[in-house]
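Hi,

Here's the structure I promised to pass on. Have a look at it first, and my notes follow below.

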Amino acid sequence: MDITLLLNNQSKEPLYVQLYQHIKKEIMNGKYAANTRLPSIRTLAGHLHISRNTVELAYQQLIAEGYVLSKPRSGLYVMALQLDTLSLQRPKNEALLEEREHKLTPVKYDFRYGDVDAAHFPLATWRKLSHQCLLPEQSSLYSYGESQGDRALRLQLSSYLYNSRGVNSSAEQIILGAGVQYLTGLLCGLLRSVTGTAIAMEDPGYDGLRTVFHHHGLQVYPIGLERDGLNIDMLYNSPCRAVYITPSHQFPMGTVMSLAKRMRLLQWAEDKNGLIIEDDYDSEFRYVGKPIPSLQSLDTHHRTVYLSTFSKCLLPSIRIAYLVLPPSLLKLHHEHNYRVFDQTVSTHHQQTLELFMRKGHWEAHIRRMRKIYHKKQDALIEAITQLMGSKTTIIGQDAGLHILLRVHNGMNEEQLIHAAEMEGVRVYAVSPFWASAAEAEASMVQVGYGGLEIEDMSKGVQALHRAWFPG
C-alpha cells in the first residue's frame, strides 16, 4: 500500500491526527480493502518525511478505534468493517469532529520562521519609487527584460555584495530569479554536466533545497556537523564533487564555519575538482561579533557559487533572489543556452529595487531592521530565560531570524507543538531538516521571531510556559 497525502504543518490539527483521519477516511470509503497491510512505521515515516512518533500515534489511534488490527511479527492490517452501517453514523461523527475543531484555541502567537516585520518596511518610499518606474518614458518596464535580470540592478548588487560581504563579482556573473528554489533548479542542470548527480549537504539542513535537489534527479548525501561546521572528513569520504552549505549561519543550528574549516573546504574543492554552493540567506542579520566575510571572498580558484535572497530583508512576496556564478559555470550557462529562458522576476520590481538601492534606501533599511530584529531577539531570549530558565536550552542566537529551543520536559516534538497549540501558540517542527527524521532531536522546536511584535512575543512565551510546564 502507498499512503500519500499532503500534511499541513500550519494546521491546527497535529500531524498524527491528520494522518489518522486520512487513513480512517480511506478505510471508510472502501479505498483500503479489508486485510490490506499498512506500511511499517519506519517505511511510512520515511515516505512522508515525518517522525516515527507521528506515525506510531496515528496507528495507535486506528487500533484503538478498531479500524486496523495489529498482528504480532506481521504488521497492521485493515479490519473487515460493515461500511454501510458506518456510513449511517458518519454525519454524527463529522458533526462531533466539527464541534471539536470549534473548541480548539485559535492561534494568537505564530512563531513562524520566514515571517518578516512588514510594519517597518518603508512602504511610502517603495510606493514612490514604484510609481516613478511607471512613468511613460520607462518603456523598458513593459518588455520581458534581460534574461539574467535588469543590468542596472545587477550592477548595484555587485557593488553592494563586494562592500558588505567581500563577494567578487561582475554584473555578468549575477543571475536574478524568483526565489532561491527556482535558481537552485536552474543550477542543478549545470551541476549535472560538471559534477555529476551526487551532491553533499549539511545534516541537518534546509529541507526546501533538499527537495529541489531530489526533484532534479540529484542524489543527496547528508554530511554531519561538528562544532564549527560541516564535517570535512565525511565530505572527503563521500562520492560527491558538489556540496551545498550555509557557512555564515548554518541552517537550522546557527553555527558559524570557522576560518580553518573554510580553508579546508576550499582545498576539498580543489582536490576533487568540485564546486561549493554557498547559501548566504540571512547574512545581514548578525548580532554578535564582527560581520563574517563570505566563503566566496576567500576562493581564489573560482569554485564557489554564491546564492542569496532579498526575502529576509525586504518582503518575501517581492520574490527576488540571485546567483553569482564562477566564470566556468557562467560559460556553461551560456553554452547551454539558458539565456533563452525569460526572466522570472517582475521588471517593475527589479527597477524599483534598483532605485531603492541607488538612492541609499536599501542600506539604511538594513541598518534599521538589524536593530529592530536584535531587540526582538533579546526580548524573546529574556522572556524564555526568565520564565523557563534551565528547563530549556536556546540554540543559534548569534544571528538570523529564528532560534531553536530544546525543551527539557520529557515531551517529544509532536507533543510540544500540540501542547503549544492548545494554548494558542504555534511553534514549528525541526525533524524535516534532517535527511532521516528518525535522527532528529526529539525535544526541539523552531521559534521564529521576525513577524511578531515584542509585546506579543512576551505573551507568547508565557503561553508556552503554561503549555510545557503546567502547574
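Which residue just after helix 13 takes a positive phi? That's Gly389, with a phi of about 45°. Bear in mind as you read on that this is a predicted model.

Helix 13 itself covers residues 361-388, so to speak 28 residues in one run. From first C-alpha to last, helix 13 reaches 40 Å, close to the 40 Å expected at 1.5 Å a residue.

Eight strands make up an open sheet with mixed pairing, and their order is 4-11-10-9-8-5-6-7. At the edges sit strand 4 (174-177) and strand 7 (229-230), each pairing on one side only. Helix 10 (residues 259-272) packs on this sheet and touches strands 6, 7, 8, 9 and 10. The direction of helix 10 makes about 140° with that of strand 9.

Ser308 stands opposite Tyr322 of strand 11.

Last, a helix pair. Helix 6 (residues 151-165) packs against helix 12 (residues 347-358) at an angle of about 40°, with the axes 9 Å apart. That angle makes helix 6 oblique to helix 12, and the crossing is left-handed. On the helix 6 side the contact involves Ala152, Leu153, Gln156, Leu157 and Tyr160, which meet Gln350, Leu353, Glu354, Met357 and Arg358 in helix 12. By type, the residues of this contact divide into six nonpolar, two polar and two charged.

Cheers

Technical notes. Residues numbered from 1 in each chain as written. Predicted model: local features only at pLDDT ≥ 70, side-chain atom pairs only at ≥ 80, totals over all residues. Heavy atoms only, no water. Helix = DSSP H or I, 4+ residues; strand = E, 2+ residues; numbered from the N terminus. Expected span 1.5 Å × (residues − 1). Pairing = 2+ DSSP bridges. Contact = heavy atoms within 4.5 Å. Axes fitted to C-alpha atoms, helices over the stretch in contact; angles between N-to-C directions. Parallel < 35°, antiparallel > 145°, perpendicular 65-115°, else oblique. Left-handed = near helix turned anticlockwise from the far one by under 90°. Nonpolar A, V, L, I, M, F, W, Y, C, P; charged D, E, K, R; others polar.
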